[in-house]
Amino acid sequence: MADTATIERVRAALAGIEHQVLAPRDGMPSLALLLSNLKDALRALRSRAGFETATFVTAVDRYGKTPRFELVHQLLSLTHNDRVRLHTAVGENESAPTCTDLWPGAAYMERECFDMFGLRFSGHAGLKRLLMPEEYGHHPLRKDFPHQGIEPDRLYREWDRERRKDWHPEAAR
Amino acid sequence: MGPLSAPNPPDAGSPALRASDEAADHGFFATRIDALINWGRKNSLWPMPLGLSCCGIELMAMIGPKFDISRFGAEAARFSPRQCDLLVVAGTLTWKMAAAARLVYDQMPEPKWVIAMGVCSSSGGMYDSYAVVQGVDSILPVDVYVPGCPPRPDAVIDAILKLQTKIARERPLAYLLAGPGVSDERGSGELTYQPNAAVPKSVHDLHPHDPRARRG
């Protein structure tokens, strides 16, 4: 059950920022925000509502809809022992504001988001791929990505060949 | 430790067998060098446990006292590939791990054998995914496949026994005398993508959420 006290605190912190309270799912209060307001809202929640921790930054691909992606932030307040979830619609060609200046630990999660969905975060210091090879060029968690992959072996093969060249130059194939 | 058996034992009354009987009386025995080498190899398999996921747990149980593969001479698990001759790929092999697995195999000295333990390493298993190698036989020459998710230790012991019968059929001396021109099938070492052929490749698979490709 979403705690009404949490929602009241969050709404008080977000005074003056356009937002919409969604039906709570799995006991976590949820809000919908606009992309243009996202940075202000995050800053307000960090400073005024006591959410010291960003536990999760991820995205959902709503394939076929516009805007296509949905950015999801999950925040945790250690002082008040509660959480909040923020949904923000992001288009395919838009870039979301980073929250690494507020929560430095979110850097890896934003990198994963970029790797898996192709979402770009403006202001992120080192936005490069986290899991897939850097030259991969595809985003595996997009819904139009084939589940068996697009040439999954090619880049690893080249990487492996380059690596072997350093060790045994005479045996390089 | 079974008796050394040649594939074609001579007749009981043949001169060769009589000669070997006489030698046995004096503390000698006669056999073929192939059979002797194979006997030594198959009864002292040193496994390299490449435990990549949950199959590794069953592998540990197999090495442990309850199932005890030391009964079959294969308990000396070494964590250096230089000392091993049996690579047990236990678990899901991802493409990121594939180069490392191939490197482990390349570092093992000849002769060497590979067991693909579990469905993930045999065929990719339920991970029909861009990140998982669809069967380690894409990159390694596999001798025995063990189905199961994960297989029981008994099943892997059975695989080791099957591998022992396979080793007993080998002809190491002929291989040794054939010179450097003849080599076993060891694979090229290239990482090649072999998609799971059992899965149909259709527009629906490529775009599962496209309403135009939805099946009726």
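1. Helix α1 (residues 4–13) of chain A lies across β1, β2 and β5 (82–90) of chain A and runs at about 25° to β2(A). Angles run from 0 to 180 degrees between N-to-C directions, with axes fitted to C-alpha atoms, for helices over the stretch in contact. Helices (H or I, at least four residues) and strands (E, at least two) are DSSP runs, numbered from the N terminus. The model is predicted: local features need pLDDT of at least 70 and side-chain atom pairs count only at pLDDT 80 or more, while totals for chains, interfaces and linings use all residues. Residues are numbered from 1 along each chain as its sequence is written, and chains are lettered from A and ligands numbered from 1 in the order in which they are written.

2. The sheet of chain A is open and mixed, with five strands in the order β1-β2-β5-β4-β3. β1 (19–25) and β3 (53–61) of chain A are the edge strands, each with a single partner, so one side of each has no neighbour in the sheet. Neighbouring strands are turned by 25° against each other on average, direction ignored.

3. β1(A) pairs with β2 (residues 28–33) of chain A in the antiparallel sense, over five bridges; two strands pair if DSSP finds at least two bridges between them. A:His19 has A:Leu33 of β2(A) as its bridge partner.

4. Chain B has eight helices and four strands, in the order α-α-β-α-β-α-β-α-β-α-α-α from the N terminus. Of its 216 residues, 30% are buried (20 or more other C-beta atoms within 10 Å of the residue's own, C-beta atoms being placed from the backbone).

5. The largest nonpolar core has 39 residues, and B:Leu86, B:Val88 and B:Ile115 are among those with the most contacts inside it. A nonpolar core is a set of buried Ala, Val, Leu, Ile, Met, Phe, Trp, Tyr and Cys residues joined through C-beta atoms within 7 Å. Elements of chain B giving two or more residues to this core include β1 (47–51), β2 (86–90) and α4 (95–107). Apart from it lies another core, of 29 residues, among them A:Leu31 and A:Phe51.

6. Helices α3 (residues 55–63) and α6 (residues 153–168) of chain B pack at an angle of about 70°, with axes 9 Å apart. That makes α3(B) roughly perpendicular to α6(B) (65 to 115 degrees). The contact (C-beta atoms within 7 Å) includes B:Leu59 and B:Met62 of α3(B) and B:Val156 of α6(B).

Methods
Parallel < 35°, antiparallel > 145°, perpendicular 65-115°, else oblique. Contact = placed C-beta atoms within 7 Å. Buried ≥ 20, exposed ≤ 12 C-beta atoms within 10 Å, placed from the backbone.
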